[in-house]
Every structure is written in structure tokens, then in C-alpha cells.
Amino acid sequence: MSLVGYRPERQYYIDKIVEKAPEYRLLFKIKPGITSWGQVKYGYAENVDQMVERLKYDLLYIENMSLAMDIKIMAYTLLTVLRGSGQ
């Protein structure tokens, strides 16, 4: 596990997400992380439809992976924690 990556889901939800969005498998090419672009920009996902929506942000992260992007995600995460605005 790394600091920044995608937020892993339980296998039950992975199976459901892959049915709707097979591109979810692309996330397995990177290490899961404690925080992610999807978590920062979308927030907590309660159901499969929301998880598929959040997936779009995680795929965007994969396309634009860089140290600068990781620093930006960590900064957003820190701000969210300090403000107490996370769910």
C-alpha cells in the first residue's frame, strides 16, 4: 500500500463494479493508497453507482500520475482533515 493510490474496495463490491465498469481492473496496475484523487474530489461512495462515479477520478489519476499530482492530493487530503469536512 502506498500513501497515494486508489482506495481499495472489498471483493464483493469489486465484482459489482466490474459488471458496470470493466475499466475498474485498470486500478490493479497501481498500488492502493490511503488517499486518492477520487476520495478527495468525490468523497465517500455508499453504493456501486457512486463507486463507479468515483472511479472516473481514479482513472484520471492513473492517466496523470506524477509527483506533483501526489503532492496535490496529499495537500487536499490534509486540508480536508484540518477542516473536518470529510465524511
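I worked on a predicted model, where local features need pLDDT of at least 70, side-chain atom pairs count only at pLDDT 80 or more, and totals for chains, interfaces and linings use all residues. Residues are numbered from 1 along each chain as its sequence is written, and side-chain values use heavy atoms, with hydrogens and water left out.

**Helix α3.** I started with α3, residues 48–63. Helices here are DSSP runs of H or I with at least four residues, strands are E runs of at least two, and both are numbered from the N terminus. I checked the length of α3. Its 16 residues should span 22 Å at 1.5 Å a residue, and the end C-alpha atoms are 23 Å apart, which agrees. The expected span is 1.5 Å times one less than the number of residues.

I looked at the N-terminal end of α3 next. N47 caps it, with a side-chain oxygen 3.2 Å from the backbone nitrogen of D49.

Which residues of α3 are buried? I found V48, M51, V52, R54, L55, D58, L59 and Y61. Buried means under 20% relative accessible area, exposed over 50%, and partly exposed in between (1.4 Å probe, protein chains only). These buried residues pack against β1 (2–4), α1 (11–20), α2 (37–41) and α4.

**Salt bridges.** I searched the whole structure and got three salt bridges. The criterion is a side-chain nitrogen of Lys or Arg within 4 Å of a carboxyl oxygen of Asp or Glu.

I took R54 and E9 to begin with. Their side chains meet in a salt bridge at 2.2 Å, N to O. R54 is in helix α3 and E9 in the loop between β1 and α1, so the pair ties together parts 45 residues apart in sequence. R54 counts as buried, at 5% relative accessibility. I also listed the contacts of E9 (heavy atoms within 4.5 Å). Leaving aside neighbours within four places in sequence, E9 is in contact with I14, I17, Y24, M51 and R54.

I moved on to K20 and D49, whose side chains meet at 2.3 Å, N to O. K20 lies in helix α1 and D49 in helix α3, so this pair ties together parts 29 residues apart in sequence. Is K20 buried or exposed? K20 counts as exposed, at 53% relative accessibility.

I then checked K56 and E53, a salt bridge at 3.3 Å, N to O. They are three residues apart in helix α3, so about one helical turn separates them. An α-helix has 3.6 residues a turn, so residues three or four places apart point the same way. E53 is partly exposed, with a relative accessible area of 34%.

**Strand β2.** I looked up T35, which lies in strand β2. T35 is buried, at 7% relative accessible area. What does T35 touch, not counting residues up to four places away in sequence? I noted L3, V4, G5, R7, V40, I73 and T77. The side chains of T35 and T77 are also joined by a polar contact of 2.7 Å.

I34 is in strand β2 (residues 33–35). I34 is exposed, with a relative accessible area of 52%.

**Surface patch.** I found I34 again in a nonpolar surface patch of about 630 Å², made with M1, L3, L67, I71 and M74. Helix α4 (residues 67–83) gives the most to the patch, with three residues.

Technical notes:
Patch = residues over 30% accessible without salt bridge, like charges linked within 9 Å, V, L, I, M, F, W, Y side chains within 5 Å. Areas by Shrake-Rupley, 256 points an atom, 1.4 Å probe, with all protein chains shown as cover. Polar contact = N/O pair within 3.5 Å; in protein donor to acceptor, adjacent residues only side chain to side chain.
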